[in-house]
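Hi everyone, thanks for making time.

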Amino acid sequence: MGNIDKENYDELIKILDELIEIIVVMRKKEKDYVLAQNEREAREWILFLKGHRDKEELKSLEDEISDRFFSKFDVRIGKSHLDDRRAELMKMYISKSNEILK
């Protein structure tokens, strides 16, 4: 299937980096198990992404992120703009990945 180009790859990295930053800030304000789980999984995703550029492998990552988002992450954790941004970044990653991998 081939590799994705550097520009798109960097954009996916940037989205996950920001997601992790948002979760870390949220965790400083709220001690919530779901946030801890979100952070742990987001860190695993970025490690996987940093080690892979093949479209097939990245499709499996997109599928995993989509499954996790729609089954667990798309719940309100707080009533803050940070929580809105957290959910928005997840959707952005899924959408951008889907666009790139078509």
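Let's start with a question: is K96 buried or exposed, going by its relative accessible area? K96 is buried, because its relative accessible area is 13%, and buried here means under 20%, exposed means over 50%, and partly exposed is in between, using a 1.4 Å probe and protein chains only.

Before going on, a word about what we are looking at. This is a predicted model, so local features need pLDDT of at least 70 and side-chain atom pairs count only at pLDDT 80 or more, while totals for chains, interfaces and linings use all residues. Residues are numbered from 1 along each chain as its sequence is written, and side-chain values use heavy atoms, with hydrogens and water left out.

Back to K96, then. K96 has its place in helix 4; helices are DSSP runs of H or I with at least four residues, numbered from the N terminus. What does K96 touch, once neighbours within four places in sequence are left aside? The contacts of K96 are N8, E11, L12 and I15, where contact means heavy atoms within 4.5 Å.

One of those contacts is also a salt bridge: the side chains of K96 and E11 meet at 3.4 Å, N to O. The rule for a salt bridge is a side-chain nitrogen of Lys or Arg within 4 Å of a carboxyl oxygen of Asp or Glu. This pair links distant parts of the chain, with K96 in helix 4 and E11 in helix 1, 85 residues apart. E11 counts as partly exposed, at 32% relative accessibility. E99 joins in as well, in a network of salt bridges with E11 and K96.

N8 is in helix 1, which covers residues 6-29, and N8 is buried, at 16% relative accessible area. Not counting residues up to four places away in sequence, N8 touches K96 and I100.

Now, how many salt bridges does the rule give? The count comes to 11.

In the first, E39 and R43 meet through their side chains at 2.9 Å, N to O. Both lie in helix 2, four residues apart, about one turn of the helix. E39 is buried, with a relative accessible area of 12%, whereas R43 is partly exposed, at 38%.

As a reminder, an α-helix has 3.6 residues a turn, so residues three or four places apart point the same way.

Let's stay with helix 2 for a moment. Helix 2 runs over residues 33-51, and its 19 residues reach 28 Å from first C-alpha to last. That is close to the expected 27 Å, the expected span being 1.5 Å times one less than the number of residues. Its buried residues include Q37, E39, W45 and L49. Q37 counts as buried because its relative accessibility is 7%.

On to the nonpolar core, meaning a set of buried Ala, Val, Leu, Ile, Met, Phe, Trp, Tyr and Cys residues joined through side-chain atoms within 4.5 Å. Which residues touch the most other members in the largest one? Of its 28 residues, they are I4, L16, L19, W45, L49, I65 and Y93. Helix 1, helix 2, helix 3 (55-73) and helix 4 (81-101) each supply at least two residues of this core, and helix 1 gives the most, with 10 residues. Take L16: leaving aside neighbours within four places in sequence, L16 is in contact with W45, I46, L49 and Y93.

L58, in helix 3, is buried, with a relative accessible area of 1%. With residues up to four places away not counted, L58 touches I4, L49, H52, R53, S97 and L101. L58 and I4 are 54 residues apart in sequence and 8.9 Å apart in space, C-alpha to C-alpha.

My last stop is R53, which lies over the face of Y9, at 4.5 Å from the ring centre. For that label, NZ of Lys or CZ of Arg has to be within 6 Å of the ring centre and within 35 degrees of the ring normal.
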